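Please read them with the structure open beside you.

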Amino acid sequence: MNPNKNGYFWPTPEQELLLKAALLKGEDAIAAWRGWAAAVDFDSLDAGSQRLLPLLYRNLAEHDVRHQALNVYKGFYRITWYRNRLLYHRITSVLSLLGSKGISAVLLKGAALAPLYYKDWALRPMDDFDLLVQTGDALKTVDLLCLSGWSPAFSIPDESDLATRHACTLIDASGVEFDLHWRVMAESGRNDADDDLRKNTRVIDFGGVSVQVLSHTDQLFHVLVHGARWNAVAPLRWVPDSIMILREAGLKIDWHRLLNEARSRCLVISLKKTVTYLHEVFAASVPEDIIYSLGRMRPSPAERMEFWMNGRPRGLVRDMVYLWFKHARTSGVTGFMRLMFGFPSFLGRFWRVPDDKGLAGFLIRRLVKRISSDPGKVSGSGRASLSDGYSARASAKGMLLRFRNKLLSASGLTARQVRTDGKESWRSFSIADGRIVPPYSCEINAVDHCNIACIDCNHASPGAGKAIASPSAVFKDLSLLSRHYKAYALKVVGGEPLLHPDLLSLLRAVRESNICEYISLVTNGTLLRQMADEIWAELDEVELSIYPATRPMLESYLPYFQKSAARHRVKLVISPYEEFRITFSTIGTADAGLTGRIYRNCRLANLWGCQSVHQGYFFKCPKCIYIPRMLDGPRRYDYREDGLKITDSPDFLHKLAEYLSSQEPLSACRYCLGSSGKNRPHRQVKASEWADIHARPVKELVDYDKLMWD
Ligand code: SF4
Ligand code: SF4
């Protein structure tokens, strides 16, 4: 046979050898193992293949193979046992909890397959576990679990999720994940689609707790359908899972029911391809009449397209096609036009966009976000770890800038504009509806001081002294500014903004000023656990900066933060920083050429648009507010000379555009590295030492490679 290898879930030739070595018997297994070992570089073995090593170890050991490589495979066998046993205890505790509240659950996937068919907890690696509850019990189960240390990995499910999705992911403080299903599989469609599967479950004893599992036939069906789709980690496990089910319960499989399930769910092609592959490559015992019937089945073009799409990595277009099929399955509507008509409403419910009018804007934001994220970072679980976030963020930034530049170029507002003197620079704003629009956000400083002291704090907080923004003054400044200026987002920064004694009033002042559509709080997280619910409710986003010194504490609180963010529908952005750019020099430079280059290359002022409002003045960067405070005696000057007074004069828009476009460095630029300072590892310092640390000449601190433009 020449199985269809177009879908990425099919094993590569090397992976197929490994599967044979782990599953076949006798010389076939040993020959396959030798072929595989010669063909692969074990040190760079893919994650999907690594999952098969426990099974490989057991099979080779049973064949009395003696080779030092078995010691390595045995290590995988042992670690799998250890991890699975930890998961096993979490599963029993969840089952007991659900049982105590009268919620019955069905154990799905690995947690059921390992004890029932592999008969050995060391053979079937699991990253998480899966439980199915009745759709009507799903939301109360989530509530119950949230009270017991679990939190949704993304957002708390609601009624719209019950209609449009099949499961949600929960995590606990130790990072264990489990998928709570209200439908067996993504293809289950309407709520009653799984009635047959639920009716045929059986009860087993699982560590002293009774739990239901799918029938042998439905286990096989689930494994085959679930396996037949692309995954970032090669989803090879469907092969051994199916073989183990067939070995253990082959005679009890109701093949005709299996075929009927596939027909009624429009999943014939998944079944046909996978069963045929198992039969022809692994000599799985499948009745001949079933092979014959499968061969005669003719899946519809739509089914073929869905199968083709599921077998490939998702992207912008495939996401929409995937959602189209999901809509077709869950809506119960037939006919292309009727489906088309209901699609926007489905998308709105799937993404929880409050109204149809907001869908277009949401889709554009999603498109921008998608393009700006690194497609290479697609992860199996979709949940980024702290360190993932760091690298993803770094690579995403470059893409975002490129995309933004393209957008601006397309609209005539070039990010790199040619100045009258023929030289290029960036552009930090556009104009829409008679108002200046920054690239993304504007900032206010809730307080100037901070409870920690980072060596290269952009806002000079360790040396800035204590100051608290007045909500009424902020409202006055922002509402006046909003007549000529509109930011998509406003970032409430500091210092540490959670040190503000009346942060709630400050946030409400921002909201009421009409300066932005979105409020983000940028915090070091050390006080985030104490943040009141009312403040969470007032925010759209919390950006959590994580430094090496705060990482251990914040990692332990992360599940709590995620839970709070999910409860209040706040986006939690995790921003780990391992290093900072050097920011300031209190010695400064008298070299006007160098100052000019630093300014022209300053991304804060010219590209990122880190525009800031402070005490009645508008500033093109936040640093210029704080720099004069760091200077002694005669060098000190009034920071307001670097800003623009916010007024309601008719020419304010013109003045603001001129201020933002100016090619003249600010006074502060003489003491600033802009975005061109050398990188150094992040560390905490004593506030009393902070000024001395920055007492070095600018020319020693500049990373000249970052000065792209003269
Ligand atoms: S956490 Fe660090 S970088 Fe942030 S304001 Fe405080 S001192 Fe500055
Ligand atoms: S002071 Fe000058 S160089 Fe520094 S961030 Fe502001 S504009 Fe850029």
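1. How many nonpolar, polar and charged residues does the shell around ligand 1 have, by class? In this predicted model, that shell has 5 nonpolar and 3 polar residues, and no charged residues. Ligand 1 is surrounded by Cys450, Ile452, Cys454, Cys457, Ser461, Gly495, Asn524 and Tyr547.

2. The shell around ligand 2 has 8 nonpolar residues, together with 1 polar and 1 charged residue. The residues that surround ligand 2 are Tyr599, Cys602, Ala605, Cys621, Lys623, Leu666, Ala668, Cys669, Cys672 and Gly674.

3. Aspartate 642 deserves a separate look, and its place is in the loop between helix 27 (623-630) and strand 20 (644-645). Aspartate 642 is buried yet has no salt bridge, and the nearest side chain of opposite charge, that of arginine 670, is 6.9 Å away. The side chain of aspartate 642 does, however, reach the backbone nitrogen of alanine 668 at 3.0 Å. If its neighbours within four places in sequence are left aside, aspartate 642 is in contact with Phe619, Cys624, Tyr637, Tyr659, Leu666, Ser667 and Ala668; Leu666 and Ala668 are also among the residues that surround ligand 2.

4. Helix 6 (residues 110-118) is largely enclosed by the rest of the structure, because 8 of its 9 residues are buried. Those buried residues are Gly110, Ala111, Ala112, Leu113, Ala114, Leu116, Tyr117 and Tyr118. Helix 6 is followed by lysine 119, and the phi of lysine 119 is positive, near 60°.

Methods: Residues numbered from 1 in each chain as written. Chains lettered and ligands numbered in written order. Predicted model: local features only at pLDDT ≥ 70, side-chain atom pairs only at ≥ 80, totals over all residues. Heavy atoms only, no water. Near = heavy atom within 4 Å. Nonpolar A, V, L, I, M, F, W, Y, C, P; charged D, E, K, R; others polar. Buried < 20%, exposed > 50% of the residue type's maximum accessible area, 1.4 Å probe, protein only. Helix = DSSP H or I, 4+ residues; strand = E, 2+ residues; numbered from the N terminus. Lys, Arg positive; Asp, Glu negative; His and termini not counted. Salt bridge = Lys/Arg side-chain N within 4 Å of Asp/Glu carboxyl O. Polar contact = N/O pair within 3.5 Å; in protein donor to acceptor, adjacent residues only side chain to side chain. Contact = heavy atoms within 4.5 Å.
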